[in-house]
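I want the overall fold, then a few residues looked up one by one.

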Amino acid sequence: MKEEFRPAYKKFLEAWGEDAQIMMAIEEMSELTKELCKYLRYKGFKEKDAESVVENINEETADVLNCVEQLELIFNEKKINGIRKEKIDRTLKKV
């Protein structure tokens with residue numbers, strides 16, 4: 001988690017609550033999924049459209065990262081980071 005954002009995330013959770021922020025994470029992940037699908041569809045075919053989609057991907061990725069970091073605060077950041085390390089280590093053994 002970006003430590004500089006931690007105070008803001010805590011304020012968001014206090015202001016709107018965990019349920020609202022979980023719903024926001026779901027919405028933002030859906031929007032990123034849609035933009036990634038568009039990117040794959042346009043890639044190599046409509047360059048102008050692909051550039052616009054890349055900008056949207058950047059926006060949606062930022063939104064998802066902000067939401068995911070709030071999910072860390074809700075669901076146990078230390079445990080999540082431990083699981084992430086295990087998964088990275090397991091994948092590194094495969095490559």
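What pattern does the protein follow, read along the sequence? I read α-α-α-α, with 4 helices and 0 strands. For my own record, helices (H or I, at least four residues) and strands (E, at least two) are DSSP runs, numbered from the N terminus.

Ground rules before going on. This is a predicted model, where local features need pLDDT of at least 70 and side-chain atom pairs count only at pLDDT 80 or more, while totals for chains, interfaces and linings use all residues. Residues are numbered from 1 along each chain as its sequence is written, and side-chain values use heavy atoms, with hydrogens and water left out.

**Entry 1: overall shape.** The C-alpha atoms fill a box of roughly 45 × 40 × 20 Å along the principal axes.

**Entry 2: surface and contacts.** I find 23% of the 95 residues counted as buried; buried is under 20% relative accessible area, exposed over 50%, partly exposed in between (1.4 Å probe, protein chains only). The accessible surface comes to about 7,400 Å², and 57% of that belongs to carbon and sulfur atoms. These areas come from the Shrake-Rupley method with a 1.4 Å probe; for residues, only the protein chains shown count as cover. Among contacts (heavy atoms within 4.5 Å) between residues at least 6 apart in sequence, 68% join residues at least 24 apart.

**Entry 3: helix α2.** I checked the span of α2 (residues 18–42): its 25 residues reach 36 Å from first C-alpha to last, close to the 36 Å expected at 1.5 Å a residue. The expected span is 1.5 Å times one less than the number of residues. Which residues of α2 are buried? I noted Gln21, Ala25, Glu28, Leu32, Glu35 and Tyr42. A reminder to myself: an α-helix has 3.6 residues a turn, so residues three or four places apart point the same way. After α2 comes Gly44, with a positive phi near 85°.

**Entry 4: Gln21.** This α2 residue is buried at a relative accessible area of 9%. What is Gln21 in contact with, leaving aside its neighbours within four places in sequence? I get Phe12, Leu13, Trp16 and Gln70.

Entry 5: Glu31 lies in helix α2 and is partly exposed at 24% relative accessibility. Its C-alpha is 9.0 Å from that of Val64, 33 residues apart along the chain. Thr61, in helix α3, is partly exposed too, at 30%.

**Entry 6: Asn76.** Where does Asn76 lie? I found Asn76 in the loop between α3 (47–75) and α4 (77–94). Asn76 has a positive phi of about 100° although it is not a glycine. Most residues other than glycine have a negative phi. Asn76 is partly exposed, with a relative accessible area of 39%.
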